Each structure stands twice: as structure tokens, then as C-alpha cells.
Amino acid sequence: MDKKETKYIFVVGGVISGVGKGITASSLGLILKNRGMSVTAIKMDPYINVDAGTMNPTEHGEVFVLADGDETDQDMGNYERFLDLSLTHINYMTTGRVYKTVIERERNLEYGGKCVEVVPHIPLEVIGRIKKAGQIANADVVIIEIGGTIGEYQNLLFLEAARMMKNERPKDVMFVMVSYLPTPSKIGEMKTKPTQYAVRTLNSSGIQPDILIARGETKLDDKRKEKLSLFCNIPSDRVVSAPDVDSIYDIPLNFEKEKLSDKLCGLLNVSCKKPDIKSWNAWKKFAAHAHNGKEVVKIAMIGKYFETGDFILSDSYLSVIEALKYSAYVQNRKPIISWLNSVDYEKNPARLRELKKYDGIVIPGGFGSRGVEGNLSVVKFARENKIPYFGLCYGMQMMVIEYARNILGLKDANTREVNPSSKNIVIDVMESQKENLKNNLYGGSMRLGEYKAILRDGTIARNSYGKKEILERHRHRYEVNPSFIGDLEAKGLVFSGRSPDGHLMEIAELPKNKHPFFLGTQFHPEFLAHPLRPHPLFSAFIKACIKKNK
Ligand code: GLN
């Protein structure tokens with residue numbers, strides 16, 4: 001059982017998607033944490049996919065990997081960053097995952113011969129998971145974000161689970177609706193009607209929101225607050241204005257300007273502690289960085305981008321962008337990120353020279369062969385021109401291939417992922433992965449989640465972390481081929497981080513006297529960057545970028 005007194009806050013979205021439910025849920029968690037509550041968070045995604053791992057990032061956004069290897073949604077990253085938590089698979093569910101469990105259970109005769117039905121068995125499984133997550137975290141409050149928008153068919157069963165929970169424990173369950181109030185340009189006035197409809201639609205699922213977060217381009221005025229209160233059945237002091245902001249990290253601060261944590265505690269009938277001034281001030285100081293006029297650090301982010309808008313790009317690499325911000329902020333810089341298409345350098349190698357105007361280059365994670373030759377020419381350019389370079393996963397594999405080709409002289413060096421018939425496969429699959437690929441077992445079968453690595457003394461990696469042993473999160477199928485390690489190291493590339501048994505290469509770098517910062521990680525350090533605890537490798541990279549700029 002969960003703690004008797006555990007409270008549950010469901011967060012739902014109205015009118016349009018993308019109104020910031022995830023950031024709202026994270027911010028609610030933060031303001032409650034600041035009032036002495038232990039908080040955990042859950043995301044419920046409506047799609048059938050068992051996890052987010054098999055979806056294209058330009059379709060779904062970033063795949064955020066948890067410590068236990070679960071491939072989840074970017075909102076999980078927001079929860080971990082805002083709340084400084086480490087979550088596991090129990091904090092994440094999809095429709096597919098819930099059905100899979102129920103069907104497996106039925107096949108094992110665990111329902112004792114009963115007819116297993118969509119209702120109540122699916123919502124009951126959802127409720128069981130929510131309570132278990134609360135119990136594992138020993139949480140005072142569990143915040144549950146229901147994916148999708150009110151009124152769509154897909155999330156009805158999650159809403160049904162929420163309704164059933166409210167019915168079971170009326171005093172312990174509350175609902176926050178994040179809605180959008182458009183201001184049509186021709187009308188010039190903020191409109192409440194879509195939100196009124198959304199609340200009524202939610203009502204038809206048997207749920208009444210307790211708090212309404214009114215998102216919009218501008219602040220909600222008193223007249224509209226009263227109107228929403230009247231038509232949505234919510235006292236006007238619980239209709240909270242949430243205008244667009246430049247930085248998401250201001251949102252918890254804005255919520256507290258409206259005394260939201262007091263309201264939540266009142267509604268949940270808990271006596272919370274006084275605000276923790278010290279940690280609140282630390283957050284305030286951090287959030288202020290986004291506004292202070294300061295010098296910039298210019299980062300080139302190389303990837304393969306289709307005709308996607310900027311917002312899609314930034315969604316696919318959200319954790320990398322945030323990690324760059326945290327490390328730049330503590331060094332009093334603002335990162336300016338330029339998205340550059342690796343394919344362009346294949347078509348027009350002369351463009352490589354333009355890279356000189358950046359303070360640093362990042363090649364983030366990636367899959368498949370498109371753009372790889374462009375990536376390799378960027379790595380070469382960065383190495384030869386001593387531009388700080390940070391390779392994340394695929395970006396590290398690119399470093400090794402480039403080094404093998406241009407320093408070891410293995411002209412056809414490649415990864416098996418791109419060219420399985422190359423004679424010099426410097427990045428290869430492990431035996432266990434070969435089986436997965438042969439049997440088309442793609443879902444959840446990469447090297448996933450947290451692994452330990454041991455760092456070599458005297459290296460950039462070791463000095464940046466300030467310790468010998470690290471834990472970092474992985475998501476890849478391919479590894480540096482052990483048969484080339486001797487030759488690569490003999491020619492100067494240093495594998496400064498390795499698995500404890502010494503077989504897997506986790507970090508590659510060039511010594512500081514050869515290059516100011518030329519380092520790649522087989523893992524994804526971006527998943528462990530926190531607002532108040534920037535990631536040491538990102539910080540070392542930014543430091544090198546600032547130095548170059550001078
Ligand atoms: N495609 C590479 C692999 O599977 C790298 C993956 C990544 O960058 N996340 O090993």
C-alpha cells in the first residue's frame with residue numbers, strides 16, 4: 001500500500017497541446033518540495049508504443065533515458081531536472097505498456113477466470129502503478145501528468161483511472177487543468193470560450209478541476225478571471241494567470257507570486273512547512289541567469305535536420321540544450337546555439353571554414369548513415385583547427401572513425417551501422433547485440449541506462465569529474481571495436497573512461513597539449529545535467545569555448 005496520507009495531483013491539458021503541462025507539473029513539484037514535501041512525478045502517455053525508444057525524434061521529441069534504462073518522454077527529463085530526482089520505469093507509462101501488462105496477466109490466469117474488461121481492469125492497472133510509484137518514492141505528493149489534450153479519445157482511460165482514484169480517496173486527489181486562452185489578432189482580446197468547453201468536456205469524464213492554469217500570450221485580467229470562475233465552477237483565486245515567459249525556470253517563481261503552494265496545501269488539507277528560503281534563493285539566482293545581459297558563447301550543433309522548424313529541433317535535443325545552458329550560466333555566459341546540417345558539408349566542403357566563427361562544436365547522438373560523411377569532415381576540421389569539440393555518443397563514434405581514417409590511415413574505417421562491408425570496422429556491435437538485430441528485436445534492446453566507468457588519471461575527463469568512478473546513462477547499440485584500441489592509443493587518442501572490466505570504451509579524448517578540448521563520450525552526459533548541478537564535462541567544454549573566444 002501507499003502511505004495513507006499520500007496526496008495525488010493530476011495535471012491535464014485543455015484546448016491545445018504544447019501548453020506546458022510538463023513544465024507546470026515540474027513547477028508544481030518544485031514549489032511543493034520547497035515547502036518540505038517529498039515529491040515524485042509520473043507521466044502517462046496515450047500512445048500504443050511500449051516506450052518512446054522506437055519513435056523518430058523529429059516525430060516525438062527527445063527520448064529521455066532513465067537510470068534503469070527506460071526510454072521515455074522528454075517530460076521525464078523536466079521532472080528530473082526541476083525536482084533533482086532520479087526516476088525509474090514505474091514513473092512512466094504508456095497505453096501500450098498498461099495493456100501489455102494486463103494481457104500478460106490474463107494469459108497467466110492471474111484474473112482467476114474472470115472476464116477481463118477495458119473498464120475497470122485497465123484503469124485499475126493504471127491506479128496500481130500510480131500508487132506503487134508513490135510508495136517506492138515514499139512520497140507525500142505524487143504529481144501525475146496525463147498526456148494529450150482533454151476531448152481526445154486517446155487519454156480517456158487515464159482520465160477514468162483518475163476519476164476512480166478521486167472517488168476512492170476524495171480528500172487526497174486533486175486536479176489541475178492547464179488551458180490555453182488564445183488572443184486572435186483580429187479580435188485583440190483574450191478569449192475564454194475554448195477553455196470553458198475544455199472544462200465541460202473534462203466534467204463529462206466525471207472530473208472537476210480544482211485549479212485552472214490560464215496560459216496565454218499575456219496576463220489574464222480580472223474580468224476574464226471572473227468569467228472563467230463563473231463558467232468553470234472554480235473560485236477566482238484558483239484561476240492562475242500563466243503568461244508566456246522567456247525562460248521556463250521562471251515558472252515556479254511566477255507560481256509562488258500567486259501563492260500557489262499555499263493553495264495546493266490548502267486543497268490537499270496538509271500543513272506544509274515554511275518556504276525553504278535558502279534553496280528558493282538558489283533557484284532564483286539560477287533563473288535570473290536567463291535574463292541578465294551577458295556575453296555569449298557560440299555553439300555549432302551539427303546534425304541531420306530535415307525541413308524541421310527550430311522548435312522541433314530544440315525538442316529533439318532538449319537535454320543537450322539545457323545542459324549547455326547550465327554550464328554556460330555558471331560561467332556567466334549565455335549559449336547561442338546554431339543548428340547546422342551535416343549534409344551541407346558533404347555537398348559543399350568549403351563551408352567547413354564557416355565553423356571557425358564558433359567557440360565550440362557539438363555532435364550529439366544520432367542513428368543511421370545519412371550525414372555521417374559530413375560529420376566526419378566536421379570532426380576533422382575541429383581537430384585540425386583546434387576548435388573545442390564535444391561528441392555525444394554518435395559524436396564520440398565519429399571521433400574514433402575520423403582518427404582511424406586520418407591518423408591511422410585506415411581509409412575505409414567506419415561503423416558497422418553505416419558500412420558493414422568495410423575492412424576496418426572500428427565501431428562494432430557486441431555479440432549480444434548481433435542476436436537482437438538478427439531477430440528484429442529493436443525495442444528496448446540497446447545498451448541502455450546507467451553504467452559505471454573508471455577514469456584514467458591525468459586526463460581531461462578525470463580532472464573535470466574530480467573523481468575516479470562515474471555513473472552515466474547510455475543509449476546505443478555499437479561500441480569501439482577492441483581490436484583497434486592499441487593502434488588508436490599508440491597514435492595519441494586516449495580512452496580516458498572505460499567500463500570496470502576494461503572492455504568498453506566510454507570516453508575518448510586528445511591530451512590538453514595536443515588540443516584544447518577534443519572529447520567524446522559513448523554515454524549521454526546531458527541526461528545528468530541539473531540546473532543547480534551543471535554537468536562537469538559540459539562545464540569543461542564551455543570553459544574551453546570561452547578560452548577560444550578570448
Ligand atoms: N547509432 C549509434 C549506436 O547505436 C549511436 C547512438 C546514439 O548516438 N545515441 O551506437
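This is a predicted model: local features need pLDDT of at least 70, side-chain atom pairs count only at pLDDT 80 or more; totals for chains, interfaces and linings use all residues.
Two packed helices are described by the angle between their axes and the distance between the axes. Helix H7 spans residues 193-204 and helix H8 spans residues 222-232; their axes come within 10 Å and cross at roughly 25 degrees. Angles under 35 degrees count as roughly parallel, and H7 and H8 are therefore roughly parallel to each other. The crossing in which H7 passes H8 is right-handed. On the H7 side, the contact is formed by Thr 195, Gln 196, Val 199 and Arg 200, which meet Leu 228, Phe 231 and Cys 232 of H8. By class, the residues of this contact comprise four nonpolar, two polar and one charged.

The loop between strand S8 (211-216) and H8 contains Glu 217. Leu 181 is 36 residues from Glu 217 along the chain, and the C-alpha atoms of the two are separated by 8.0 Å. Leaving aside residues up to four places away in sequence, Glu 217 touches Tyr 180, Thr 183, Pro 243 and Asp 244.

The ligand site draws on another set of residues. Surrounding the ligand are Gly 365, Gly 366, Phe 367, Cys 393, Tyr 394, Gln 397, Glu 417, Arg 475, His 476, Arg 477, Tyr 478 and His 524. Glu 417 contributes through its side chain, an N or O atom of which is 2.7 Å from a nitrogen atom of the ligand.

Technical notes. Residues are numbered from 1 along each chain as its sequence is written. Side-chain values use heavy atoms; hydrogens and water are left out. Axes are lines fitted to C-alpha atoms, for helices over the stretch in contact, and angles run from 0 to 180 degrees between N-to-C directions. Helices (H or I, at least four residues) and strands (E, at least two) are DSSP runs, numbered from the N terminus. Angles under 35 degrees count as roughly parallel, over 145 as roughly antiparallel, 65 to 115 as roughly perpendicular and the rest as oblique. A crossing is left-handed if the near helix is turned anticlockwise from the far one by less than a right angle, and right-handed if clockwise. Contact means heavy atoms within 4.5 Å. Ala, Val, Leu, Ile, Met, Phe, Trp, Tyr, Cys and Pro count as nonpolar, Asp, Glu, Lys and Arg as charged, and the others, Gly among them, as polar. A residue is near a molecule or strand if one of its heavy atoms lies within 4 Å of it. A polar contact is a pair of N or O atoms within 3.5 Å; within protein, one must be able to donate a hydrogen and the other to accept it, and residues adjacent in sequence count only if both atoms are side-chain atoms.
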